[in-house]
Amino acid sequence: MSAATPVLDETGAGRISLHLRRTIVISAPIAAALLSEIGMGLISTLMLGHLGPQALAAGGLAVSVFITALLILQGALSGVGVLAAHRLGAGRPDDVPPLYWSGVALAVLLAIPLFAALSAPAAMWRAFGQAPALAHDLAAYLHILRWAVPAGVVGVGMMRGFLPAIGLERVLLYVLPAGVVLHAGLSRLAISGGFGLPGWGVPGSAGAIVVTLSVVASCMLALLHGPNFRRFVRLARPELAVVRRLLAIGLPVAGSVVVEAGLFLAVGFLAASLGPDALAAHMIALNVASVTFMVPLAVSQAANVRVAMAAGAGNTRAARRAGFSAIAVSVTFMAASALVLSLASHTITALYLPASAADAATAGLAASLLRVAGVFQLADGTQVTAAGALRGLQDVRVPMLLATFGYWGLGFWAGWLLAFRAQLGVVGLWWGLCVGLAVVAVGLTTRFAQLSGERKQGLLFREKEAKSF
């Protein structure tokens, strides 16, 4: 049995237990990959902290800018995995290579403006309000980090969606965690020196990221282009019609990422206006929530693949069960996570702050936010998984509009009112986030229920639409 067979077998309606099991099997390697990506950023931040506040501020901000940009471009490339799974589900594996090379061409085109943006001089960062010294160090860091763009966009960004679509999700489990170990060693060596090397400080940190991502991307591409899976990536001419279809799926997804990232950025600025204790508590809660969020994000990518596979086969019942099974997995995990955050809020906070009287106010506030984060996580896990299931049906524009309305039309203003009018402070900001995420979660889940409840001809129509390019 080939490695791709389990994915191709997804088109049967199957028992709910089978759908749950297959969702978990596909999600686990993706979650490991996502947590590994976060681990690389965390390692860089921790090691830069030993060089002082200036190095930590410049390097941490540069890594945040880079990761955010990669997430947006990965969203723009999400159509590659959707359409690959759809074509395999429809029994058209020969149509995958032109799709793959069209995706590569699109990834290269998207990487060029990102490379140019990261090449911006320090004057641009000063125009965004950064202090001259910080702007100089930030620009210098990004000028090195820009050389990781090809590997980040083509080798990692596109592969994270394409590999699970063809049954190669286990490659993510092997390569990316190994990349974390490599990155830890390289960062230590490049920053502080050793084995006869002098150490390069802050520039060494950026260089370690470039080398790590390049090695990780090269390994994934080598495995993909090996003899077992060469049939999916044999050389083919990119097709303009396919690129257009990829953009039709990917741009709304990227727009949703921008909308959500912008909301959290705006809430961060509002938290900063409430004082250093509020901002520190906000960052602690957000950091914890970001780690646990990787699991439902992985489940959403599994839903993406499995729903698209069933839709390609024209099997409405399987698509519906695959989507709701994934939502059930995310809700179960996030409910357990919420329980842990509620019961161990002070213990978790103590990992970030020393037990001192000076930090008692911040620690107490952070613990309160972690309890609110329990509700936040349930809604966030549901909405991201429902969005992934809808992408499997190639429904991306309405989800983007729902996200824009829920996050900015309701969530942002609810948070502002609760924080500043109701005098709840940063806790009010987080309850506002809960309102926005809950509305989006309900809206996206309802829409998936409606679309997956259509009769077979609805999915067949989408299959004919996909065949038209």
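Ser205 touches Ser44, Leu48, Tyr141 and Ile191, leaving aside residues up to four places away in sequence, and in this predicted model Ser205 belongs to helix H10, which covers residues 201-224. Ser205 has a relative accessibility of 0% and therefore counts as buried, the limit for that class being under 20%.

**Overall fold and surface**

- Among contacts between residues at least 6 apart in sequence, 83% join residues that are at least 24 apart.
- The accessible surface of the chain amounts to about 19100 Å², and carbon and sulfur atoms account for 70% of that area.

**Helix H4**

- Helix H4 runs over residues 78-89, and its twelve residues reach 17 Å from the first C-alpha to the last, which is close to the 16 Å expected at 1.5 Å a residue.
- H4 is mostly covered, with twelve of its twelve residues buried; among them are the glycines Gly79, Gly81 and Gly89 as well as His86 and Arg87.
- The buried residues of H4 also include Val80, Val82, Leu83 and Leu88, together with Ser78, Ala84 and Ala85.
- After H4 comes Gly91, a residue with a positive phi near 75 degrees.

**Salt bridges**

- Side chains of opposite charge can pair when their charged atoms come close, and a search of the whole structure finds two salt bridges.
- Arg92 and Asp95 form one of these salt bridges, with their closest N and O atoms 2.8 Å apart.
- Within this pair, Arg92 is buried at a relative accessible area of 14%, whereas Asp95 counts as partly exposed at 28% relative accessibility.
- Asp395 and Arg447 also form a salt bridge, and here the closest N and O atoms are 2.6 Å apart.
- Because Asp395 lies in the loop between helix H16 (360-392) and H17, while Arg447 lies in helix H18 (residues 426-452), the pair ties together parts that are 52 residues apart in sequence.
- Asp395 has a relative accessible area of 11% and is therefore buried.

**Aromatic pairs**

- A pair of aromatic rings is described by the distance of the centres and the angle of the planes, and a search of the whole structure finds eleven aromatic pairs.
- Tyr100 and Trp101 make an edge-to-face pair, in which the ring centres are 5.1 Å apart and the planes stand at 80 degrees to each other.
- Tyr100 counts as buried, its relative accessibility being 2%.
- Trp408 and Phe412 make a tilted pair, with 5.2 Å from centre to centre and 35 degrees between the planes.
- Trp408 and Phe412 are four residues apart in helix H17 (residues 397-421), so about one helical turn separates them.
- Trp408 is partly exposed, with a relative accessible area of 30%, whereas Phe412 is buried, with a relative accessible area of 14%.
- Trp408 and Phe412 belong, together with Trp413, Trp416 and Phe420, to one aromatic cluster.

Technical notes: Residues are numbered from 1 along each chain as its sequence is written. Side-chain values use heavy atoms; hydrogens and water are left out. Rings of Phe, Tyr and Trp (its six-membered ring) pair if their centres lie within 6.5 Å; planes under 30 degrees apart count as stacked, over 60 as edge-to-face and the rest as tilted. Buried means under 20% relative accessible area, exposed over 50%, partly exposed in between (1.4 Å probe, protein chains only). Helices (H or I, at least four residues) and strands (E, at least two) are DSSP runs, numbered from the N terminus. A salt bridge is a side-chain nitrogen of Lys or Arg within 4 Å of a carboxyl oxygen of Asp or Glu. Contact means heavy atoms within 4.5 Å. The expected span of a helix is 1.5 Å times one less than its number of residues. Accessible areas come from the Shrake-Rupley method with a 1.4 Å probe; for residues, only the protein chains shown count as cover.
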